[in-house]
Amino acid sequence: MKIAMLGPVGIGKGTQSQQVTQRLNYTRLSTGDLVRDHIEADTELGRELEGYYERGEPVPDDVIMDLVRPHLNPAGAWILDGFPRTMAQVHALEEELEKRHIGLDKVIVLEGPSDEELIERITSGRRQSLATGRVYHTEYDPPPNPGEGWDPGPFVQRDDDKEEALRRELEAYHEEAEKIKEYYDEQGILAVVNADQDVPDVTEDIIAALGYPEERTPRA
Ligand code: AP5
């Protein structure tokens, strides 16, 4: 299955796409991670992208397409995290997939919490494991206790976890979201999932929306 997972900043795209890939043995491709990888590696492109990233502004569509294109593997099951997020990206993705004789099977859109709740979620304690890249929250989705035998620390806070950047990201998201939803709804592949629930409940709803009966869900 080829899936895209969309939603505003902080809704849980990273968290849920990581859970789903682990449960279903999918491959995950996050455009945010591709951008961060270039910034961290201090490549020429990374230095160009840093300003957009830290301001919470969308990276230009053609740059995002150049980053994504090599990863659109016709074989296997994958999930796109945070892409496509503009109508230009929707059409460019479709063109690329057509060349490979494939298409998206499902577009999951996470919705529920208000913009203020999303900003609170992130600024109150989002932490990312340096060991695994897994996203946690100090209160809502805490990492395992090192005493339990598995320690994914150390943890870092992202450079774009600042209120001003988050507000810009939310604004950019709302400008495009309804058009994108309408487009995929007309294609009959849209599924809106309530993200205003605990993390495991959201995961179950996504797995169900993908059409996997609970008892047959393969586990990692
Ligand atoms: P990207 O990294 O994709 O960031 P984003 O879309 O802003 O989303 P986030 O990763 O910040 O949030 P999330 O929805 O993944 O939530 P998370 O799981 O972390 O993009 C970053 C930047 O790169 C963009 O600003 C842009 O510059 C550029 N970019 C990337 N893709 C692009 C594209 N396609 N086009 C143009 N530019 C692009 O969860 C958030 C927190 O909440 C965590 O602490 C988590 O533990 C917690 N949490 C998760 N679920 C729940 C729950 N159910 N209840 C309570 N807490 C929860």
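Predicted model: local features only at pLDDT ≥ 70, side-chain atom pairs only at ≥ 80, totals over all residues.
Five strands form an open sheet in the order S2-S3-S1-S4-S8, and their pairing is parallel. The edge positions belong to strand S2 (27–30) and strand S8 (190–194); each has a single partner strand, so one side of each is left without a neighbour in the sheet. On average, neighbouring strands of this sheet are turned by 20° against each other, direction ignored. Arginine 28 has isoleucine 79 of S3 as its bridge partner.

Helices pack on this sheet. Helix H1 (residues 13–24) touches strand S1 (2–6), S2, S3 and strand S4 (106–111), and its direction makes about 175° with that of S3. Helix H8 (residues 199–209) lies across S1, S4 and S8, and runs at about 160° to S8.

The nonpolar cores complete the picture. The largest contains 33 residues, of which Val35, Leu80, Leu93, Leu104, Val107 and Tyr184 touch the most other members. At least two residues of this core come from each of S1, helix H2 (31–40), helix H3 (44–55), helix H4 (61–68), S3, helix H5 (87–99), S4 and helix H7 (163–186). Another core, of 22 residues, lies apart from the largest one and has Ile3, Ile11, Tyr26 and Ile108 among its members.

How values were computed:
Residues numbered from 1 in each chain as written. Heavy atoms only, no water. Pairing = 2+ DSSP bridges. Helix = DSSP H or I, 4+ residues; strand = E, 2+ residues; numbered from the N terminus. Axes fitted to C-alpha atoms, helices over the stretch in contact; angles between N-to-C directions. Contact = heavy atoms within 4.5 Å. Core = buried A, V, L, I, M, F, W, Y, C linked by side-chain atoms within 4.5 Å. Buried < 20%, exposed > 50% of the residue type's maximum accessible area, 1.4 Å probe, protein only.
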